[in-house]
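Subject: Model for your review

Hello,

Here is the model I said I would pass on. Please look it over when you have time.

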Amino acid sequence: MAKSDDGIRILQGLLVFGNVIIGMCGIALTAECIFFVSDPHGLYPLLEATENDDIYAAAWIGIFVGFALFALSVLGIIGVIKANRTLLLVYLILMLITFAFEMASCITAATHRDFLTPNLFLKQMLERYKKSETDNNNDKWMTEGVTKTWDKLMLQNQCCGVRGPSDWQEYTSAFRLTYNDADFPWPHNCCVMDARGSPVNLDGCKLGVPGYYNSNGCYDAISGPMNTHAWGVAWFGFAILCWTFCVLLGTMFYWSRIEY
Amino acid sequence: MCSHWVLLAFCCLGQLCADQSLKPQIAAPHLATNNPTLTTVALEKPFCMFDSSLSPNKSYVIYLYAMKESASAISSLVTDNNSKPLNSTFQQTNGGQRGPYKAALFNVPNCASPPKLADVGDVNKVSDVLKQYLFRVGDDGTCLYDPNFLAVCNPPLAPDTTYRFKYVLVDSTEGMMKDQTIWSDPVKTRRVKLPLKIDTWPGRRSGGMIVITSILSVLVFLLLAGFLASVSSAVTVSEDPSAEIRRMSRTIQQSEPRPQLSSE
């Protein structure tokens, strides 16, 4: 009996430790997902306009799953220490449900990250940036979001277009319908700005003289934060789930061995 | 080669003729990287092209003529019968379709001290350097619709069209043509694509997504299998009261009495 006593003590200790880690990871997941949902880089309007904002949905699920993991880990610790079968059964069932939700969140984040290609943002920028005639309120909202976001992106990151300023020259766009090519080969935000926010030399910018216009594309500035967001949700969630899997298997084994 | 020399010899016999090798050039591509655009073309000003024809006491002006390449079949003359340069406008020639139109008028660029292109790096000098070095055909988007506009109108060109340009040296007092370059090489303005045609399909799935999906699916399956196995083993044991399966006992809560083994 002493050996199985020791054995059960060790198993209990391991399960408590496992649940403590799950609790801490749950809080970390909640905090990380709140950070991503708060959109520190202001890129959400771009995703909203592509109607492909599911990495945000994955982050929202992550917030609630993280909190649920924390609460369930507390329940699990109590159940393991008291060796109460009912509590542990409740714990197991709720953990399985939480596991399923977190799995959905990880897969959604990973899958939808694949859709965010340069061509997607290029098409959206050309069709919506400074579009003057919007069809309805939804269109107007998305157009304003895209315009403001791109203006801010181009100014803050000193970039132009998705792959470069040639995007504005190679394709026709909603911008081109309102602003003629002679005065605006590309938006004025693509020009190098002085301290007061106006172009240093407008002719130099229009002609493409090096040093007076931003020749690099904004795709890196967009994809960097989005990659961090998507991979942060997907891979951290995946790591938590791998750990939770082991703890749950141990708990099932423990549950099946204790008596009422 | 021989005929070339003969031609030059004839020309130098006092006839007004264009130098065979001098023609308008596009502005240096390392300087004006966005050239030609959809509706504009930036040309180098004619530096040192007309120096042999300049007299010291007279004042000269340079006219720039532009025409669509298709118009050369109709007419490519820039002067009338009396060697007076034509005053055709953009509207009169239908944007250069029926013949050349006068796009600009400026002073003869200084051959002795041309602008230093390296000065474009200096913010204070860049405007002057650009103004002295090149001229942008198609720069003015408003002069066509402005009834008060009296100067030479330089409206935007048509996209995806080939144009040719010519410089003409004019004596400003007499108003007569003194010299001209030949027509430039054809320059085509840009052509645009529709954004509808952009393909936004992402292609194949990334490796990370496949790893996450497959491994998580396997884990969920194993968890469900384990859960069902433990529940079914619990149900089987509890339905068999005479089984002597030893169970690990509770160690912490010893004050509570042992409950009876009851069927679930």
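The model is predicted: local features need pLDDT of at least 70 and side-chain atom pairs count only at pLDDT 80 or more, while totals for chains, interfaces and linings use all residues. Residues are numbered from 1 along each chain as its sequence is written, chains are lettered from A and ligands numbered from 1 in the order in which they are written, and side-chain values use heavy atoms, with hydrogens and water left out.

Chains A and B: 67 residues of chain B touch 67 residues of chain A (contact means heavy atoms within 4.5 Å). The buried area is about 5,900 Å², with 67% from carbon and sulfur atoms (accessible area, 1.4 Å probe, lost by two parts on being put together, summed over both). The rule finds 1 salt bridge across this interface (a side-chain nitrogen of Lys or Arg within 4 Å of a carboxyl oxygen of Asp or Glu). A:E170 and B:K193 form a salt bridge at 4.0 Å, N to O.

Domains of chain A: domain 1 covers 1–116 + 227–257 and domain 2 covers 118–218, with bounds from an automatic or database domain assignment. Their C-alpha centres are 42 Å apart, and each domain gives 13 residues to the contact. About 1,000 Å² is buried between the two domains, 67% of it from carbon and sulfur atoms. On the domain 1 side, A:L46, A:A49 and A:L116 lose the most area, together 46% of what that side buries. Between these domains the rule finds 0 salt bridges.

Regards
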